[in-house]
Amino acid sequence: MNFKLNYIKTQQKLQLSLLVLFFMGVNLYAQKSVKDTLSIVELIEESRQLHKEKHNEKEEYRLANLAIDKALSLEDTLLYARSLDNLGLLYRYHEWYKLAMNLHVRAYELVEHKKVEILYKMIFANNAGLAARYSQQYDDAVIYYLKALKLAEQENNLRNIAISSNGLGNTLSKIPREEEQAIFYFNKAVESSEARNDSLGMAMNYLSIAYHYIDNNNADAAFETLSKLKEINEKLKDEFGIAITNEAMGRAYINVNNNPVLGKEYLTKALKGYEKVNKIYNVAHTYHRLGNNEISLGNKKEALNYFQNSLQLAYKLELLDLIVKNSFSISSLMEEKGKLKEALDYYKNASRYQDSLGLKNQEIKISALTQEYDLDKKESEIALLEKDKILKEEEIRKSSEKIKNQKLFSYALAICVLGIILFSLIQYRNISARRAAEKQLQENEKQLLQTEYKKSLAEAEITISRMQVNPHFIFNCLNAINLLIKKEENKSASRYLNTFSRFIRMTLELPKKETISLDEELKLINYYLELEEYRFGGSFTYHIETNDVNLSQVKIPPMLLQPIIENAIWHGLLVSRKDSRELKIIVKDHGDGTRIIIDDNGIGRKKSKELKTGYIKKKSLGMKITSERIEHFNNSFDCKMKMSIIDKEDDSGTQVILDMQ
């Protein structure tokens with residue numbers, strides 16, 4: 001009897017000890033979970049604070065990605081969504097709206113049907129709408145703003161009703177024939193801000209409404225709204241808000257009233273306000289806007305000072321886009337003043353920063369694509385771990401039931417084993433199918449990345465090849481100018497130099513575009529032919545015939561015709577002994593498209609290949625580059641462009657025909 005009693009007491013102590021250990025483990029796990037959660041939230045806040053104070057883009061992204069990785073390892077859906085949303089905000093701050101939108105949408109989808117605080121759903125949806133609006137995907141912007149508005153109205157959250165309504169107003173104002181709807185939502189946003197006595201919210205909405213009226217050239221409504229905005233900011237004694245209002249007033253006078261004098265007055269007030277509150281970013285942009293306004297007033301000296309001040313701040317803040325704009329503006333002013341060297345230096349500076357901006361954008365895009373691939377892969381792995389976690393929790397639950405009820409042990413064990421077997425069979429089938437699908441998805445994504453890489457590489461190779469065409473010609477022109485100066489033919493040298501500078505300006509600018517109009521291309525070709533005709537003393541003549549073709553509607557790759565015409569001159573006309581050497585460029589309608597004919601009466605390709613001396617001996621890469629560019633253009637823009645080379649009879653020249661549809 002005593003033995004039986006001791007046995008029961010021992011069993012009870014054992015059960016109690018197991019329960020204590022179990023709850024201690026749960027408590028420790030909970031403490032660790034809270035600590036990890038705080039760590040992720042701190043990383044999110046630190047990345048945003050770093051952006052506000054120091055603007056260290058690389059470190060911001062590192063902290064944001066670290067938060068994402070920690071949230072994934074913690075398997076917390078809401079924290080993971082918040083981390084994705086935070087990275088989206090950083091992308092948006094740096095004007096990568098498309099990438100930001102993808103992250104905001106993913107964050108919203110993760111919590112859309114989860115039992116989480118509705119405020120986060122509203123935040124994620126509003127952020128998705130804003131990023132979509134900035135990337136000009138207005139239909140998606142309307143969808144997510146409406147989702148956020150619906151949630152805000154369910155919760156009677158006036159702040160988010162105002163935010164969503166303001167976003168809808170700004171989005172609809174960009175869509176033709178939706179002005180009435182835009183004003184409806186703007187007024188809804190104002191009413192919500194007034195209901196909660198939110199002066200800052202009202203100011204934000206009045207500013208949006210004012211810019212809406214400015215964009216639609218409604219001067220009276222714009223100034224009436226700006227007057228209300230000014231009254232609110234003065235009542236709040238918000239110097240930054242007053243500066244923003246003055247800037248809006250200046251833009252209204254310039255853009256709507258066509259009054260640059262009053263516009264300058266208000267922009268100057270805005271500048272002083274921004275300087276007072278140390279908003280350097282706004283100061284830099286206001287300097288640039290004042291510079292453009294001074295040009296419209298004809299005060300080019302003052303415009304130059306403003307652009308130079310803006311450029312200095314742009315360097316300080318590393319605002320690449322503003323550096324490019326100011327450098328181009330200063331270059332144009334220097335050129336007008338006849339300071340060609342300074343003009344060229346600023347133009348090169350703008351082009352260099354524009355190239356840097358392009359490379360930086362490409363690096364971020366590749367990094368974002370790689371990150372998206374890694375996140376999808378990690379999410380798939382976490383999904384499998386979640387299943388394992390469920391199995392372990394099930395086993396713990398069954399073990400605790402076993403301790404509580406020894407009599408049902410055998411039945412519970414049998415049911416558990418049977419359940420595990422069935423569950424394992426189903427899981428095995430599901431996991432096999434999922435792995436096959438994931439493998440296929442990874443292959444597709446890998447193929448996509450390879451395709452993007454090859455496309456980028458092809459574009460880079462073509463750009464490099466394009467740049468190889470220019471140096472030989474440039475040095476020859478400079479030598480020609482030098483020779484004219486030595487001969488003291490200063491007027492001829494000046495005229496030649498002016499044509500040369502215009503040609504160089506266009507060759508530096510046009511390759512930045514994927515396509516240009518045929519009108520621009522022929523303008524460049526005309527400069528080139530003037531230079532070559534003048535340099536070779538009128539040894540050949542040229543004629544351009546357009547036959548009433550709408551040249552501005554025809555799009556081609558920039559600098560496509562130059563290598564063809566260069567070949568015609570150097571390999572056909574200059575080596576010919578004919579008394580009359582002529583080059584014709586004919587543009588005409590042909591079927592459903594346009595035909596460009598480049599015709600010369602030179603020696604023809606056969607005799608050209610037979611020559612072994614001088615420049616003919618050097619291999620011309622122009623036609624090879626042109627063929628590659630036509631192929632790339634057809635693949636990239638779904639166009640049909642074909643080049644044909646015809647040898648005229650009796651070696652009387654060559655004809656190159658470009659057909660475009």
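I took helices (H or I, at least four residues) and strands (E, at least two) as DSSP runs, numbered from the N terminus. On that basis I listed 22 helices and 7 strands for the protein.

Ground rules next. I am working from a predicted model, where local features need pLDDT of at least 70, side-chain atom pairs count only at pLDDT 80 or more, and totals for chains, interfaces and linings use all residues. Residues are numbered from 1 along each chain as its sequence is written, and side-chain values use heavy atoms, with hydrogens and water left out.

**Whole chain.** I looked up burial, with buried meaning under 20% relative accessible area, exposed over 50% and partly exposed in between (1.4 Å probe, protein chains only). Of 661 residues, 40% count as buried. Then contacts, meaning heavy atoms within 4.5 Å. Among contacts with a separation of 6 or more, 62% join residues 24 or more positions apart.

**α2 and α3.** I fitted axes as lines to C-alpha atoms, for helices over the stretch in contact, with angles from 0 to 180 degrees between N-to-C directions. Helix α2 (residues 57-74) packs with α3 at about 165 degrees, axes 8 Å apart. That makes the two roughly antiparallel. My classes were under 35 degrees for roughly parallel, over 145 for roughly antiparallel, 65 to 115 for roughly perpendicular and oblique for the rest. From α2 the contact includes Y61, A64, I68 and L72; from α3 it includes Y80, L84, L87 and Y91. I sorted the contact residues of α2 with α3 into 13 nonpolar, 3 polar and 1 charged. Here Ala, Val, Leu, Ile, Met, Phe, Trp, Tyr, Cys and Pro are nonpolar, Asp, Glu, Lys and Arg charged, and the others, Gly among them, polar.

**α3 and α5.** Helix α3 (residues 77-93) meets helix α5 (residues 118-134) at about 30 degrees, with axes 11 Å apart. The pair is therefore roughly parallel. L78, A81, R82, D85, L89 and R92 of α3 touch Y120, I123, F124, N127, L130 and A131 of α5. I counted 8 nonpolar, 1 polar and 3 charged residues in the contact of α3 with α5.

**α9.** I checked the length of helix α9 (residues 199-215). Its 17 residues should span 24 Å at 1.5 Å a residue, and its end C-alpha atoms are 24 Å apart, which agrees. The expected span is 1.5 Å times one less than the number of residues. In α9, 12 of the 17 residues are buried, so the helix is largely enclosed by the rest of the structure. Among the buried ones I noted M202, Y206, I209 and Y213. The buried residues of α9 pack against α7 (158-172), α8 (179-195), α10 (219-236) and α11 (239-255).
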